[in-house]
Amino acid sequence: MRLNQSLVTANAFEKHLVNRRRKKSGGAKSIGFVLMLTSMVDMFSMLVIFLLQTFSNSPEILVLKGMELPNSITPSVVREATVLAIAKDGNLYLDQKLVGKVMDVTKQPDVLLNKLNLIKKQWTASHKTDFSGEINLQADREVESTTVSIVMAILTSSQFQAIQLAVIGK
Amino acid sequence: MIGNTGRGSKRQLDFELNLTSFIDLLSTCTCFLLITAVWIQIGTLEIKQSHGTEAAAEAKDSFDLDLVFKGPTELNVNLKKHGKAVKTLALKSATNEEMLTKLNEALKTQILNPSKDKKILIGTATVTPKSGVNYGQMVSALDVLRKNKIVNIGVLTERGQ
């Protein structure tokens with residue numbers, strides 16, 4: 001208070017000295033700071049609105065690392081099912097586990113067929129309804145379409161007839 | 001005393017929002033939504049590969065449509081009824097995008113609505129790929145079919161199986 005009074009009453013030079021002393025002494029800024037509550041609440045509200053708009057309750061399927069899925073303008077909602085993935089390097093994965101090279105599997109599909117039959121048996125054991133035949137097929141956009149069609153034919157022969165091609169929705 | 005002027009007790013017009021609980025709620029919401037946020041919207045295109053008795057019952061007046069890739073920018077469109085070709089269109093373009101635009105226009109004007117009074121119902125559509133055509137291009141063609149409300153789509157192998 002005295003300092004303030006002196007500031008009011010002092011001349012310009014004294015004011016300068018007082019200010020300099022104030023800056024030197026302590027030198028420390030006040031520890032407590034004022035939080036701008038209005039802008040913080042604004043920011044939080046905008047974040048919540050944006051996140052609520054982009055909220056999706058559809059199941060997520062794991063996409064292989066490095067895989068570029070094709071874009072689509074008419075995608076449907078993803079349904080949870082076994083995931084078969086054809087990578088760009090020519091490897092075939094079933095539920096993230098390597099089955100082998102696609103070219104080998106298309107020539108001798110027994111390995112894949114056995115694994116698919118096992119999945120089918122497990123599904124039948126855990127469900128009372130008929131086998132739905134649903135499977136998610138992921139393939140890199142650069143993979144040959146003929147390769148994908150052969151894999152699809154193998155799936156069809158193993159009663160996986162509702163094939164869902166994974167795409168990125170625009 | 002000022003408030004009691006004989007017109008009944010007035011409530012204070014400005015109220016105080018309890019900011020602490022409001023910020024708590026907002027931050028909890030933000031955390032939950034950030035954790036559960038899906039940043040890549042993955043969707044699916046459903047392909048029905050069933051044939052014979054398991055295939056969906058076809059309507060009497062419905063036609064079948066075959067898209068046969070002849071190359072990355074070359075496509076044959078065959079309209080069939082009871083296995084017999086009714087109309088065949090050969091589409092060829094310099095780029096894939098152009099070909100898809102042509103396909104879209106051909107489906108709208110020549111296949112689905114050949115005249116003002118006539119509308120064609122497509123029961124099933126099949127896509128036959130060709131080596132040299134990548135999967136992304138095939139999905140784009142499927143997209144064009146789905147855009148024209150043709151949803152019962154199957155994919156054949158290159159040999160037509």
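1. In chain B, B:L79 has B:K87, a residue of strand 4, as its bridge partner. Strand 3 (residues 74–81) and strand 4 of chain B pair antiparallel over 8 bridges. Strands are DSSP runs of E of at least two residues, helices are runs of H or I of at least four, and both are numbered from the N terminus; two strands pair if DSSP finds at least two bridges between them.

2. The model is predicted: local features need pLDDT of at least 70 and side-chain atom pairs count only at pLDDT 80 or more, whereas totals for chains, interfaces and linings use all residues. Residues are numbered from 1 along each chain as its sequence is written, while chains are lettered from A and ligands numbered from 1 in the order in which they are written.

3. Chain B contains an open sheet of 5 strands in the order 4-3-2-5-6, with mixed pairing. Its edge strands, each pairing on one side only, are strand 4 (84–92) and strand 6 (153–155) of chain B. From one strand to the next, the twist averages 20°.

4. Helix 2 (residues 96–112) of chain B lies across strand 2 (63–71), strand 3 and strand 4 of chain B, and runs at about 150° to strand 4 of chain B. Helix 3 (residues 135–147) of chain B also packs on the sheet, where it touches strand 2, strand 5 (122–128) and strand 6 of chain B. The direction of helix 3 of chain B makes about 170° with that of strand 5 of chain B. Axes are lines fitted to C-alpha atoms, for helices over the stretch in contact, and angles run from 0 to 180 degrees between N-to-C directions.

5. Between the chains, 46 residues of chain A are in contact with 41 residues of chain B (contact: C-beta atoms, placed from the backbone, within 7 Å). The side of chain A that touches chain B comprises 27 nonpolar, 14 polar and 5 charged residues (nonpolar: Ala, Val, Leu, Ile, Met, Phe, Trp, Tyr, Cys and Pro; charged: Asp, Glu, Lys and Arg; polar: the others, Gly among them).

6. Which residues does A:I150 touch, not counting those up to four places away in sequence? They are A:T106 and B:T157. A:I150 is found in helix 6 (residues 145–157) of chain A. A:I150 is buried because 22 other C-beta atoms lie within 10 Å (buried: 20 or more; exposed: 12 or fewer; partly exposed: in between; C-beta atoms placed from the backbone).

How values were computed. Two residues are in contact if their C-beta atoms, placed from the backbone, lie within 7 Å.
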